[in-house]
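Here is a quick walk through the model, one region at a time. Keep the sequence and the structure open side by side as you read.

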2 protein chains.
Amino acid sequence: MPTYKLTYFDIKGLGEGIRLLLSYMGKDFEDNRFAFATDPTSPWHKLKSEFKYGKLPMLEIDGQQLFQSTAICRYLADEAGLLGANAWENLQIDIIAGSVKDLAAELMAIFRDRNADTKVEKMKVFKEKTVPFYLSIYDKTVKENNGYLANGKLSWVELWFLGFVESIEAVVEEPIFDKYTNLKALKDKVYALPNIKKWIDKRPKSLY
Amino acid sequence: MPTYKLTYFDIKGLGEGIRLLLSYMGKDFEDNRFAFATDPTSPWHKLKSEFKYGKLPMLEIDGQQLFQSTAICRYLADEAGLLGANAWENLQIDIIAGSVKDLAAELMAIFRDRNADTKVEKMKVFKEKTVPFYLSIYDKTVKENNGYLANGKLSWVELWFLGFVESIEAVVEEPIFDKYTNLKALKDKVYALPNIKKWIDKRPKSLY
């Protein structure tokens, strides 16, 4: 049995999908968390340069250091049986995953902005325009895809997406899942899966 | 024979990898280009809202609209024989591709900055710190991987990476490929492949 150690911040963000996927697979994993990078006292600021790309999450499988949340999910999904059935289905999954990474990149750029005025202004645009733009697309996609994000069935992208959107919900301080009913139904369905439910019930509380 | 139409800006950026991959596969494709988004007169600004995610590149295969450059490359690579041999090899490829997308996201955030002062400052950091940080990693990776970015052999990620790095070279206005000798050797080797060479010789000149 390989050992799994996930190093990420103490948030859901880009790491929760990996936690959900490992839980779905029934794997035990070490859940190593740093205070989020927005906290100036986080040990991350001193340790960052020790990580190859200077970015988290990092998953270690038997000590081998792996990076990039979607790359890691795609790898685990092969064993979990949560890839698409063929290249075309994987393309549909990857388009969704890539667009969510675009949304994540917009949020990261706001977090990194050191100008307090433009930061507030950018967060307003993110909350009022960017998030509704993306989530409306995903809600419609779920509606048109038999209640899933791609191919009318569960794949790794639902786990990765839901973990990330929970963070978005905390950032914009609005109940996203009440507003986008198809996403709400997706979340309820996925989080009711026995191994996922076990994780949700025991996971640490986090701000985002 | 399916028809291929690529819609992107008149730059290499995130689109050139798709052009290189289609060329490698010997496919004819329509190469539809908008003036880059930094040009206020680009038709893109009026047309943006007509594209599902408001982002390019978009590849149409028999009219079906596909998004996300790495997702598209991964799909084409299946037919091209340029995927990894197994999930582990694909993970190594996807880690590189994901990290390049991080680099791209940093550049996009600078292009989008509307404050002329911070823009100049950020571009200086990008040029002097960010680009050398990433390219040193890739140069070392190529050195350690038998002259390739992953798994010691050619995959789609070399085509996607090289197209993007050509744009980075134009943005930072320095001869990157002279400085990182392993990347230079990779570029020379890949661009000498007959179908790739044909494309390089005939492609339109672009600023980035």
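## A helix tucked inside

Start with helix α1 of chain B, residues 16-24: eight of its nine residues are buried, so the rest of the structure largely encloses this helix. Keep in mind that this is a predicted model. The buried residues of α1(B) are B:E16, B:G17, B:I18, B:R19, B:L20, B:L21, B:L22 and B:S23. After α1(B) comes B:G26, with a positive phi near 75 degrees.

## Two copies, one axis

How does chain A relate to chain B?

## The nonpolar core

Nonpolar side chains tend to be buried together in soluble globular proteins. Here, the largest nonpolar core has 144 residues, and the members that touch the most others are A:Y138, A:W156, B:Y138 and B:W156.

Take A:Y138 and leave aside residues up to four places away in sequence: it touches A:I96, A:S99, A:V100, A:L149, A:F161 and A:L183, plus B:Y53 from the other chain.

## The second largest pocket

This pocket holds about 390 Å³ of space. Its lining has 18 residues, and the closest to the centre are A:Q92, A:T141, A:N145, B:K52 and B:Y53. B:Y53 is also among the contacts of A:Y138.

Which elements build the lining? α4 (87-112) and α5 (116-144) of chain A and β4 (64-67) of chain B each give at least two residues. Sorted by class, the lining is made of nine nonpolar, six polar and three charged residues.

## Backbone spots to check

Two cis peptide bonds are worth a look. One runs from A:L56 to A:P57, with omega near 10 degrees, and A:P57 sits in the loop between α2 (44-47) and β3 (58-61) of chain A. In chain B, B:L56 and B:P57 are joined by a cis bond with omega about 10 degrees, and B:P57 lies in the loop between α2 and β3 of that chain.

Next come positive phi values in residues other than glycine. A:N151 has phi near 65 degrees; it lies in the loop between α5 and α6 (156-172) of chain A and is partly exposed, at 24% relative accessible area. B:D62 has phi near 50 degrees and belongs to the loop between β3 and β4 of chain B.

## An exposed glutamate

Finally, B:E121 is part of helix α5 of chain B. Is B:E121 buried or exposed? B:E121 is exposed, with a relative accessible area of 51%.

Terms used. Residues are numbered from 1 along each chain as its sequence is written. Chains are lettered from A and ligands numbered from 1 in the order in which they are written. This is a predicted model: local features need pLDDT of at least 70, side-chain atom pairs count only at pLDDT 80 or more; totals for chains, interfaces and linings use all residues. Side-chain values use heavy atoms; hydrogens and water are left out. A nonpolar core is a set of buried Ala, Val, Leu, Ile, Met, Phe, Trp, Tyr and Cys residues joined through side-chain atoms within 4.5 Å. Buried means under 20% relative accessible area, exposed over 50%, partly exposed in between (1.4 Å probe, protein chains only). Contact means heavy atoms within 4.5 Å. On a 1 Å grid over the protein atoms alone, a cavity is a set of points where a 1.4 Å probe fits but cannot get out, and a pocket is an open set with protein on both sides within 12 Å along at least five of seven lines; lining residues have an atom within 4 Å of a point. Grid points are joined across faces, edges and corners, and a volume is the space filled by probe spheres set on the points. Helices (H or I, at least four residues) and strands (E, at least two) are DSSP runs, numbered from the N terminus. Ala, Val, Leu, Ile, Met, Phe, Trp, Tyr, Cys and Pro count as nonpolar, Asp, Glu, Lys and Arg as charged, and the others, Gly among them, as polar.
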